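Biologist: Can you put the model up? I have a few questions about it.

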Amino acid sequence: MIKPSSQKTFFVYLCLVIVLIVFMTPIYIIVSSSIKPSPIMFQKPPAFVFSPTWDHYVALFSERPFLKFITNSLIVALGSTAFSLTFGSLAAYALSRIRHKRMNDVAFWILSMRMFPPIAVVVPYYIIFKAAGLLDTPIALIIIYSTANIPLTVWLMKGFFDEVPRSLEEAAALDGHGLLGIFWRVTLPLAAPGLAVSAVFCFIFSWNEFIFALMLTGSQAQTATVAVMSFWSSDAVQWGRIMAGSFVILIPGVIFVLTCQRWLVRGLTLGAIK
Amino acid sequence: MAYSKKRNRNIFLIFLLPAILVLFLTTIYPMLYAGYLSFRSYDLAKPFVPRIFVGWSNYKEVLTSSEFFHTLWITLKLMVMTLSVQLVLGVGMGLLVTQRLPGMGIARTALLIPMMISPVIVGLVWLFLYFPELGYLNYFLSFLGINPIAWITSTEWALWAIAIADIWQWTPFIMMGTAAALTNLSPEPYEAAQIDGNSTWDIFTRVTLPQIKPVLISLMFLRAIDAFRIYDIIFVLTKGGPGDATEVLSMFIYRQSFTFWRMGTGAAASFVSLVVIILLIMLFFKSLNHSRRIS
């Protein structure tokens with residue numbers, strides 16, 4: 001690479017500043033509106049300096065059982081993550097190690113399961129869960145989110161397992177370990193970063209999901225995303241509470257970007273780009 | 001070698017089985033059930049009326065209604081709007097953040113945040129910006145000399161309002177993919193092109209673009225498949241309106257099933273959309289295999 005000229009450097013930074021302003025404004029709005037007093041919420045020009053208020057957060061947690069809704073989100077997200085990692089990584093290991101030309105088709109079939117529009121199956125789900133008495137329970141959401149999370153785990157973990165050297169497994173086999181022992185003691189620890197990335201993606205997907213949570217839960221198993229939306233009604237929009245709730249929901253995603261952004265490409269492209 | 005015996009393959013198949021079983025029960029079964037429903041007259045509001053077999057009539061109704069083709073057209077329009085802007089802007093931003101200058105790492109990280117935000121939250125914050133009379137977007141635009149726009153209440157702008165929210169959230173995806181592809185490129189072709197005295201634009205179109213093209217194609221297919229799934233943002237911003245200006249396919253299915261309680265019609269529309277998605281997925285896999293062969 002050649003050293004850029006100062007004129008070009010200026011141009012690059014100018015573009016960067018414009019891009020950053022455009023893309024960061026909505027995030028700034030969530031954060032600032034959540035601590036802005038309601039009377040100046042839409043004040044123009046916007047107040048950049050104001051005495052912050054915690055009223056919206058207090059109202060969020062006192063007017064509705066928002067803590068319960070967050071707990072629901074956590075139960076569903078952690079449940080689906082655990083479920084998907086167990087089944088997904090076992091399947092990924094098999095797909096990575098079996099030498100057969102049909103295995104590619106199986107892997108693609110699994111991936112395609114993730115890509116269907118959720119709305120296309122929400123009607124049958126509604127009817128099936130209603131008949132099974134599972135409407136408004138975390139179990140219904142855990143099952144549904146796993147249908148998206150298992151394919152993701154399978155594809156990510158397959159990539160990581162492919163990179164584990166066979167010679168290590170063969171050495172463990174000579175020491176008399178069985179297949180499950182090799183998987184548990186040798187392969188899985190070496191693919192630990194993959195497990196962490198898969199877990200985070202499963203968690204974030206379930207945490208952020210809205211449609212299924214909206215249609216399949218009521219007051220008992222309602223998740224945080226659905227609860228935030230309930231502060232919106234056609235006659236009164238409680239923006240302060242919406243933004244405070246949005247900020248709470250935002251936190252895990254931001255932590256994820258800040259801590260493991262180098263795995264983001266791989267996860268979001270389902271392992272297509274490394 | 002004791003390690004790769006036939007017995008092992010059977011154990012591997014046992015590893016594979018639970019995942020396949022779960023996916024079959026949770027995806028294929030509901031789809032088959034949707035297929036069954038699509039041949040029945042099923043009104044959720046009248047649960048005790050028997051689900052009469054109606055043959056192809058739900059499909060006939062869907063495929064002959066102008067409303068269905070209107071939603072298909074809107075879905076396609078939204079896809080073209082978002083994908084084209086995301087591609088151009090995303091590649092540009094990818095080139096920008098791979099410049100070796102101080103501060104680029106932090107900027108790149110910050111720009112990834114929108115992708116991790118729940119689509120409902122994206123919808124809500126853009127609703128705040130678009131909000132009639134109060135929203136800040138028209139206020140910001142007034143400094144550029146742009147007259148107030150009725151973002152979510154006018155038929156001509158509502159689709160753009162949705163597109164802009166989606167573009168904001170997913171342009172970083174193309175940026176990130178482009179940046180990853182650019183850092184993997186080998187420097188030799190560039191040195192050769194510079195010695196030949198080509199302009200920056202020539203180098204970009206003749207050397208860079210052909211090399212990152214396979215990656216871009218895969219990324220675009222992923223976005224195209226997602227364009228058929230877009231729902232949350234529309235649900236928050238316009239609910240398909242005003243009128244049916246933003247009624248995409250998923251909104252049409254939702255309204256048929258849960259507003260008009262016509263589950264059979266909704267299921268038939270679901271099946272038609274599945275066919276389109278399957279086609280897209282097959283093309284995506286083809287492009288993926290193609291780009292793997294190259295790299």
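**Working through the model**

Modeller: One place to begin is Pro45(A), which sits in the loop between helix 1 (6-34) and helix 2 (55-63) of chain A. Keep in mind that this is a predicted model.

Biologist: OK. Is the peptide bond from Lys44(A) to Pro45(A) cis or trans?

Modeller: The bond from Lys44(A) to Pro45(A) is cis, and its omega is near -5°.

Biologist: And the rest of chain A, how many helices and strands does it have?

Modeller: Chain A has 13 helices and zero strands. Read from the N terminus, its elements go α-α-α-α-α-α-α-α-α-α-α-α-α. The C-alpha trace of chain A spans about 70 × 70 × 35 Å along its principal axes.

Biologist: Show me one. What does Arg97(A) form a salt bridge with?

Modeller: Arg97(A) pairs with Glu169(A), and their closest N and O atoms are 2.9 Å apart. Arg97(A) lies in helix 3 (residues 66-97) of chain A and Glu169(A) in helix 7 (residues 166-174) of chain A, so this pair ties together parts 72 residues apart in sequence.

Biologist: Back to the two chains. At what angle do helix 1 of chain A and helix 4 of chain B pack?

Modeller: Helix 1 of chain A and helix 4 (residues 104-112) of chain B pack at an angle of about 25°, with axes 10 Å apart. Angles under 35 degrees count as roughly parallel, so helix 1 of chain A is roughly parallel to helix 4 of chain B. The crossing of these two helices is left-handed.

Biologist: Which residues make that contact?

Modeller: From helix 1 of chain A, they are Val12(A), Leu16(A), Val19(A), Leu20(A), Phe23(A) and Met24(A). Helix 4 of chain B brings Met104(B), Ala107(B), Ala110(B) and Leu111(B). By class, this contact between helix 1 of chain A and helix 4 of chain B has ten nonpolar, no polar and no charged residues.

Biologist: Now inside chain B. At what angle do the axes of helix 5 and helix 7 cross?

Modeller: Helix 5 (residues 119-130) and helix 7 (residues 158-183) of chain B cross at roughly 125°, and their axes come within 10 Å. That angle makes helix 5 of chain B oblique to helix 7 of chain B. Helix 5 of chain B passes helix 7 of chain B in a right-handed crossing.

Biologist: Who is touching whom there?

Modeller: On helix 5 of chain B, the contact residues are Pro119(B), Val122(B), Trp126(B) and Tyr130(B). On helix 7 of chain B, they are Trp160(B), Ala161(B), Ile164(B), Ala165(B), Trp168(B) and Gln169(B). By class, the contact of helix 5 with helix 7 of chain B has nine nonpolar, one polar and no charged residues.

Biologist: Last one. Where is Glu133(B), and what is its phi?

Modeller: Glu133(B) is in the loop between helix 5 and helix 6 (136-142) of chain B. Its phi is near 70°, a positive value in a residue other than glycine.

Definitions and conventions: Residues are numbered from 1 along each chain as its sequence is written. Chains are lettered from A and ligands numbered from 1 in the order in which they are written. This is a predicted model: local features need pLDDT of at least 70, side-chain atom pairs count only at pLDDT 80 or more; totals for chains, interfaces and linings use all residues. Side-chain values use heavy atoms; hydrogens and water are left out. Axes are lines fitted to C-alpha atoms, for helices over the stretch in contact, and angles run from 0 to 180 degrees between N-to-C directions. Helices (H or I, at least four residues) and strands (E, at least two) are DSSP runs, numbered from the N terminus. Angles under 35 degrees count as roughly parallel, over 145 as roughly antiparallel, 65 to 115 as roughly perpendicular and the rest as oblique. A crossing is left-handed if the near helix is turned anticlockwise from the far one by less than a right angle, and right-handed if clockwise. Contact means heavy atoms within 4.5 Å. Ala, Val, Leu, Ile, Met, Phe, Trp, Tyr, Cys and Pro count as nonpolar, Asp, Glu, Lys and Arg as charged, and the others, Gly among them, as polar. A salt bridge is a side-chain nitrogen of Lys or Arg within 4 Å of a carboxyl oxygen of Asp or Glu.
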